[in-house]
Amino acid sequence: MTHTPPFRLAKGGRLIDRAFQIPFRFDGRHLRGVQGDTLASALLANGQMLMGRSFKYHRPRGPIASGAEEPNALFGLGQGGRFEPNQRATTTLLTHGMVLRSQNCWPSLDADIGAVNNWLSPMLPAGFYYKTFIHPRPFWKHLFEPIIRRSAGLGRAPTDPDPDRYEQAYAHVDLVVVGGGIAGLRAARDAAEDGQKVLVLEQEAVWGGRTPVDHKDGPAAIARLLDDLRARQNVTLRRNTMATGLYDHGYLLAREALADHDPNAGIPRQRLWRIRARRIITATGALERPLAFACNDVPGVMLASAVRDFLVNHAIAPGQRIVVVTNNDDAYRTALTAAAEGLEVTVIDARDQADGDLPQAARARNIPVLTGTGIAKVKGSRHVEGVVLCAQDGDGKPTGGIDCDVVAMSGGWSPVVHLYSHCGGRLIWDDARAMFRPDPDRPPLGADGQGNVTAVGAANGDLRCAGDLERAEAATMPVWCMPKDAPYRLRAKMWLDYQNDVKVTDVQLAAREGYASVEHTKRYTTLGMATDQGKISNINGLAVLSTALDQPIPQTGTTTFRPPYTPLTLATIAADARGDAFQPLRKTAMHEWHERHGASWEPVGHWRRPYSYPRAGEDRHSAINREILAVRKSVGTLDASTLGKIIVKGPDAGRFLDMMYTNMMSSLPVGKCRYGLMCGENGFLMDDGVVARLSDDTWLCHTTTGGADRIHGHMEDWLQCEWWDWQVYTANLTEQYAQIAVAGPKARELLDRLPGSIDVSQDALPFMQWAEGDIAGIPARIYRISFSGELSYEIAVPAGRGLELWDRLHEAGRDLGITPYGTEAMHVMRAEKGFIMIGDETDGTIIPQDLGLGWAISKKKSDYIGKRAQSRSFMKDRTRWQLVGIESLDDRVIPDGAYAVDEGTNANGQRKTQGRVTSSYHSPTLDRPIAMGLVRHGPERMGQILEFPMPSGEVLKARICDPVFYDKEGSRLNG
Amino acid sequence: MAEALASVVRVEGLGMIAIRADLSRAGDAIAGAAGLAIPDVTRHTTDGSRTLGWMSPDELLLILPAQELPEALSALDQALTGEHALVVDVSDARAVFDVLGPHAGDVIAKLSPADLDALPSDGLRRSRAAQTAVALWRIEGGMRLIGFRSTADYLGLILRNAAIPGSRLAPR
Amino acid sequence: MLILTCPYCGVAAEETELQPGGEAHLKRVGPEGSDDELEGYLFARKNPKGVHFERWRHAYGCGKWFLAARDTATLQVYGTYKAQTTHPPADVVSEIRKSRPDWQPDWTQAE
């Protein structure tokens, strides 16, 4: 039997408008559909039933379904940056000029070489990969893995950046109803009448779900409900919005398609809704199940509901002679619909009796109905050509045959329970209706411990939820295998999971091999692991497993449903967070100046700090050397604005800071500065910085750049949660001030050139003091502190005037060769001076004592954060690695992080170690490599040689030395 | 081309003072010096020119024209003499944006998990806009947000992105 | 994603506005503490399936640390309360008992 036109019926089509023709391309062919077509209906209208190849065996496949559950008809859609793989033909609306590419086939959909797997299929059973690619081991990396990788994955990942915009939005409602069918709309109306704020989400572009297709008066009933809801202020109706996942405390994620069908509209393509609902109603309907009979995957075998949908919604006749095969009454609707369109129909009913309203209506229309009958086998390979009939209660002995071009199958319906299950709602097996449905006694719970999700309508197992529109129906008879006692050769051709090619025999094999858990069977056979996540295969699969294990279905249970319901693109999840909006970049007041002057940036947290300022023709290394020499010889400026600045004030502020820092801050005189160390309760160093006492009850604490928010939070934590009776207030003023370090022997001369009220002379402002006043007309506080070892002033001014001061300094210092320097010059200079850097010399396991900073630990204080932990035995262990300088024996810089080896090997056969390099640079000041590191007994081993083996096999040698490489006597500090 | 949902305007010229104190004890003194009543929890008070916002159980934010700042600082300092309190100028640490237009609420709803329907006319909500902290409240014709100075470019960008033409939240 | 109500400002904040801070009601061990006490303080943390007391900071809000009594299995929130207390308050305890009558506090009120 051949598949012949016309495929589009002469009239009808609820969702199409024939007046608007839409051209599109499919694998290079130019085709036409009409407005309102999905890709699937448009292709069917063109006689194209073959729409894909299965993943494993590359079997030819047509569409099975008409909605989100479709496993076969997946395409690569669009071109360039808009290319998307695995788009479902049944839910994607056709748009003008659309470009469709078939997947998982080569060289073409019609002539696919991978189909050889189909002939090999007896050799590729469940677990084939697990069993085959284990031995011999060396084959894995070079043979097996590359082969598997090449054949893995369905569809091709796009390579170009996505040109579309995406966004997200929050919504807060009393009730969200998921599903705009009759049950959802009624539930929404009831809640709206109570005055609740209601949001209704519908995944399709049209409202009503199955009701308008299944019931003559359905469209009118839906229209009435919509009119009622639209008139209400407290109801929002949102179409094209797919609820993808339900999470804790009533948090629902949904994707709204705004311009999927019109990429040039200039508006966001999709919007991710983050919905907070007090209560959720799932009215998500039910999905029809296939029947397991031999060759139930031949193109032309479709779900009965899909055949009906294509007829009613798109006026598509998928074939001219239709065999409906069913175990329930609902499928008779398809028979009646097809007959009404003049198609030839026969019904095969597995049940011994079929006397409900619908079967009787079918007989009344002279539709042949064969009861107690099943399909032994579908004939045809690339398209259905007919069916071989048999008794359902038998082993498949042929009892006759029917020529046909479409098989419309119905194995019953499964409620869509995904959202209900996503955050803990339990299911129960309803034996009478042969389905898992939500257990109303064990719903997902909200923050108050009460159930917050209710399932209604078909989603709750009530398949006849259209109320007075319904007709009496007889019970569904579970059919998990057709015929019941089918032999192996038939079972080996019964598909359960179409996309991943899992058959009845695969699940039975898994059971025989001991996979008793449904979760294990899923992974072993890949049942339900494809992009459709087993929407139509799940129940059939676990029913087969239960039969094989000879146990009831509830005992087997079901696999866990997890979000998302249908795939969500990464672009939608990222929403607006891309490009410059990817993350907040923190910029100082001088950021643009740095940019204009060619700064190469270093990310420090969210800040961007100038790493160095390479000039034209200069590489970063020579720029850094130039900057350092300028500071050492004349004067340079560093943007230090990112350093944390926290005000601590109150009668108990001194006492509090004595707890925060290892050294004494309460004794710091007003007007002076002190370097302080901060540890955690575990004793390890967490931050450092200079503290200035501003007044009797006020201190200003500088933190590292990355530490400002963390240290402020740390202080508030102790104040709020431990010493809440202490009178201390803190404020994080990091962003209030721009801070500029002016460093170098000419620093004082430079500042003297600017007008101002602050005397920066050695006598008026000695090292480790601060002064307040104005400079260049700007209110300022100047700290005499130095991280470079040079004469240095750090000037803090209101951030809004930071750039002004920076400019004034550079104007005034032009003839001095004033040079902006970046973080790397700062790092090298501090290393030349042997100053530690949090994050270089520390790594969360280092205590101040390791770094020779014992002087900064108060012996007088009875307590500080970390004190107790620092007295643990291993903290006092004299073999802890300690800070020393390390000088290379030749002119090579030892790599940062290099380990110094010791004699002997450890339990793993590795060389023992006795130290490591924590900072390592070429010093332009000394014109030789310098390094710091932590070495066992280091300070007692001055002059000894360490060996650092390199990955190349070469061994670098270096001598232990004092960590202060430059100006040991500190004479440069005062200029 | 449709219009943007709202206009996004960076507001300059505002002074801001953070005040930390025991509000039950020092409230009257602060109110006197600020010239505004102490706001209730998560509310603000305003006279059209100055705004006093509740930030935390022991923290208020006074927003006022920049030229009034020095005087207000010393008034507060004076009023709180002898009181355990912290009064600091934070004007330069902040960036202020107005989002103006009938759909300003849509712009905020795209960026912040705060429920604007639950925000009273004098409500002040501290929350976040995408990845940065903000405080927001209603002003005539729209919303005002304060964020941090260092991320002002980011805040401006995400607000403008959220306001792009044709992206209203009402179903189409 | 959790919603917790900040007891200081009354805002029902979602998890992204909050910063988690681990187990609540830890007792600080200072310089006088024994090695065992210190070990408990630094490292031993409860990980119950059921009632748990946690620290949270309303970080994108009023900035205050608060405490929450929560069920780690059902995610029910029994209550949130201010951090300035050494034990959960009585009303929170009675709220827990309503859902979990068998639950026993591991402290004595006299402490």
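Me: How much area is buried between chain A and chain C?
Reply: This is a predicted model, so keep that in mind. In it, about 2,400 Å² is buried between chain A and chain C, and carbon and sulfur atoms give 51% of that.

Me: Which three residues of chain A supply more of that area than any other three?
Reply: They're His249(A), Gln720(A) and Arg868(A), which supply 28% of the area that chain A buries against chain C.

Me: OK, and how many residues does the contact take from each chain?
Reply: Chain A gives 31 residues and chain C gives 27 residues.

Me: How many salt bridges are there between chain A and chain C?
Reply: Five. In one salt bridge, Arg28(C) meets Glu681(A) through their side chains, at 2.6 Å from N to O.

Me: Which elements give two or more residues to chain A's side?
Reply: Helix H21 (708-721) and helix H25 (867-870) of chain A. The largest share, six residues, comes from H21(A). By type, chain A's side has 13 nonpolar, seven polar and 11 charged residues.

Me: Switching to chain C: how many helices and strands?
Reply: Two helices and six strands. From the N terminus on, they run β-β-β-α-β-β-β-α.

Me: How does chain C's radius of gyration fit a compact globule?
Reply: It agrees: with 111 residues, a compact globule would have a radius near 13 Å, and chain C has 15 Å. Its C-alpha trace spans about 40 × 35 × 25 Å along the principal axes.

Me: And what share of chain C's residues is buried?
Reply: Buried residues make up 49% of the 111.

Me: Back to salt bridges. How many are there over all chains?
Reply: A search of the whole structure finds 81. One of them joins the side chains of Glu832(A) and Arg632(A), at 2.5 Å from N to O.

Me: Where do those two sit in the chain?
Reply: In distant parts, 200 residues apart: Glu832(A) is in helix H24 (residues 823-832) and Arg632(A) is in helix H19 (residues 620-633), both of chain A. Both residues are buried.

Definitions and conventions: Residues are numbered from 1 along each chain as its sequence is written. Chains are lettered from A and ligands numbered from 1 in the order in which they are written. This is a predicted model: local features need pLDDT of at least 70, side-chain atom pairs count only at pLDDT 80 or more; totals for chains, interfaces and linings use all residues. Side-chain values use heavy atoms; hydrogens and water are left out. Contact means heavy atoms within 4.5 Å. Buried area is the accessible area (1.4 Å probe) that two parts lose on being put together, summed over both. A salt bridge is a side-chain nitrogen of Lys or Arg within 4 Å of a carboxyl oxygen of Asp or Glu. Helices (H or I, at least four residues) and strands (E, at least two) are DSSP runs, numbered from the N terminus. Ala, Val, Leu, Ile, Met, Phe, Trp, Tyr, Cys and Pro count as nonpolar, Asp, Glu, Lys and Arg as charged, and the others, Gly among them, as polar. The radius of gyration is taken over C-alpha atoms; the globule rule is 2.2 Å times the number of residues to the power 0.38. Buried means under 20% relative accessible area, exposed over 50%, partly exposed in between (1.4 Å probe, protein chains only).
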